[in-house]
Amino acid sequence: MATLKEKRTCGQRCEDFGRFVWNSDTGTMFGRTPEKWVYISLYYVAFYVIMTGLFSLAIWTLMYTLDPYTPDYQDRLTSPAYNDTSQQPNRNCTRGQYFKQEKFEAPHHTKYSCRFTQSMLGRCSGLDEPTFGYNGTMPCVIIKMNRIINFLPNNGTGMAPHLNCTILSGHDNIDMIEYFPTNGTFDLSYFPYYGKLAQPTYVNPLVAVKFHLVKEREAKIQCRVVAHNIAYQDSYEPYQGKVVFLLKALK
């Protein structure tokens with residue numbers, strides 16, 4: 001027949017714990033001799049030193065494979081607004097030609113950028129009409145291309161991409177469409193783009209479109225960038241290479 005376990009007092013329990021911390025009979029501390037504590041301490045020190053070394057090696061290898069000028073994933077980057085003052089270091093580049101730069105010849109180990117001034121947007125620059133036509137029936141819409149590093153429009157054939165806007169609905173409500181710069185061209189001199197680190201003063205080329213609304217003054221517009229290597233008919237990306245918007249002037 002099993003006997004009932006004797007209930008231990010608080011003093012006995014404290015005595016057992018003290019013996020666990022240091023047992024003078026066996027010379028152990030927390031269940032191990034000092035010699036074993038030295039061995040296990042050396043083991044964990046070596047273990048964490050090796051783990052730290054492996055982690056540092058992995059980080060160094062990762063950083064070594066990264067290019068500071070070209071990110072691995074770089075199809076969409078933000079762009080600043082046009083500002084003539086910030087473009088003082090930029091050059092007046094030859095129009096209609098790619099501005100390729102193999103070396104970092106600009107100050108501070110950078111590459112030069114071409115100027116895109118606000119006045120290039122003509123009647124949509126906001127210089128003479130700060131409201132950009134939105135106080136009447138001739139609003140301006142400004143379109144930009146996403147920055148893509150080392151991208152050459154039309155596969156480097158020398159043909160500049162251009163903007164083409166079509167009226168999807170409300171054809172009778174638009175009397176005329178104007179493009180600024182002329183023909184809605186994204187000049188080749190702004191390509192290729194080498195990245196924010198290489199071209200810190202780069203400004204996206206823009207195309208402005210002024211719509212002359214009449215009659216009911218409402219129309220649905222689609223604008224797309226025309227180039228051989230810019231897709232716009234991908235069913236999975238309905239707005240790739242184009243933008244669709246509704247224009248409506250208040251009566």
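Good morning. The largest nonpolar core of this structure has 43 residues, and those with the most contacts inside it are Leu-163, Phe-211 and Ile-221. A nonpolar core here is a set of buried Ala, Val, Leu, Ile, Met, Phe, Trp, Tyr and Cys residues joined through side-chain atoms within 4.5 Å. Buried means under 20% relative accessible area, exposed means over 50%, and partly exposed lies in between, with a 1.4 Å probe and protein chains only. The elements that give two or more residues to this core are β3, β4, β5 (174–180), β6 (206–213), β7 and β8 (242–248). Of these, β6 gives the most, with six residues. Strands are DSSP runs of E with at least two residues, helices are runs of H or I with at least four, and both are numbered from the N terminus.

Before I continue, a word on the source. This is a predicted model, in which local features need pLDDT of at least 70 and side-chain atom pairs count only at pLDDT 80 or more, while totals for chains, interfaces and linings use all residues. Residues are numbered from 1 along each chain as its sequence is written, and side-chain values use heavy atoms, with hydrogens and water left out.

Which residues is Ile-221 in contact with, leaving aside its neighbours within four places in sequence? They are Cys-165, Thr-166, Ile-167, Leu-168, Ile-174, Phe-211, Val-243, Val-244, Phe-245 and Leu-247, where contact means heavy atoms within 4.5 Å. As general background, nonpolar side chains tend to be buried together in soluble globular proteins.

I turn now to the disulfides. The structure holds three of them, a disulfide being a pair of cysteine sulfur atoms within 2.5 Å. With the bonded cysteines numbered in sequence order, the pairing is 1-2, 3-4, 5-6.

Cys-93 counts as buried because its relative accessibility is 15%, and Cys-114 is buried with a relative accessible area of 3%.

Another disulfide is formed by Cys-124 and Cys-140, with the sulfur atoms 2.1 Å apart. The torsion about the S-S bond of Cys-124 and Cys-140 is about -80 degrees, so this disulfide is left-handed. Cys-124 is in the loop between α2 and β3, whereas Cys-140 is in strand β3, 16 residues apart. Cys-124 is buried, at a relative accessible area of 0%, and Cys-140 is buried at 5%.

The remaining pair to describe is Cys-165 and Cys-223, joined with an S to S distance of 2.0 Å. Is this link of Cys-165 and Cys-223 left-handed or right-handed? The link is right-handed, with 110 degrees about the S-S bond. Cys-165 belongs to strand β4 (residues 162–169) and Cys-223 to strand β7 (residues 218–226), 58 residues apart. Cys-165 and Cys-223 are buried.

The structure holds one cavity of 30 Å³ or more. By cavity I mean a set of points on a 1 Å grid over the protein atoms alone where a 1.4 Å probe fits but cannot get out, and lining residues have an atom within 4 Å of a point. About 80 Å³ of space lies in the largest cavity; grid points are joined across faces, edges and corners, and a volume is the space filled by probe spheres set on the points. Its lining includes Met-145, Arg-147, Phe-151, Phe-191, Pro-192 and Tyr-202.

A cis peptide bond joins Phe-191 and Pro-192, with omega about -5 degrees, and Pro-192 is placed in the loop between β5 and β6. The peptide bond from Phe-180 to Pro-181 is cis, with omega near -5 degrees, and Pro-181 is found in the loop between β5 and β6.

The loop between β5 and β6 also contains Asn-183. Phi of Asn-183 is near 65 degrees, a positive value in a residue other than glycine, and Asn-183 counts as exposed at 57% relative accessibility.

Finally, Asn-173 lies in the loop between β4 and β5. Asn-173 counts as buried because its relative accessibility is 9%. Not counting residues up to four places away in sequence, Asn-173 touches residues including His-212, Lys-215 and Glu-218. Thank you.

Note on methods:
1 Å grid on protein atoms, 1.4 Å probe; cavity = no way out; pocket = protein on both sides within 12 Å on 5 of 7 lines; lining within 4 Å.
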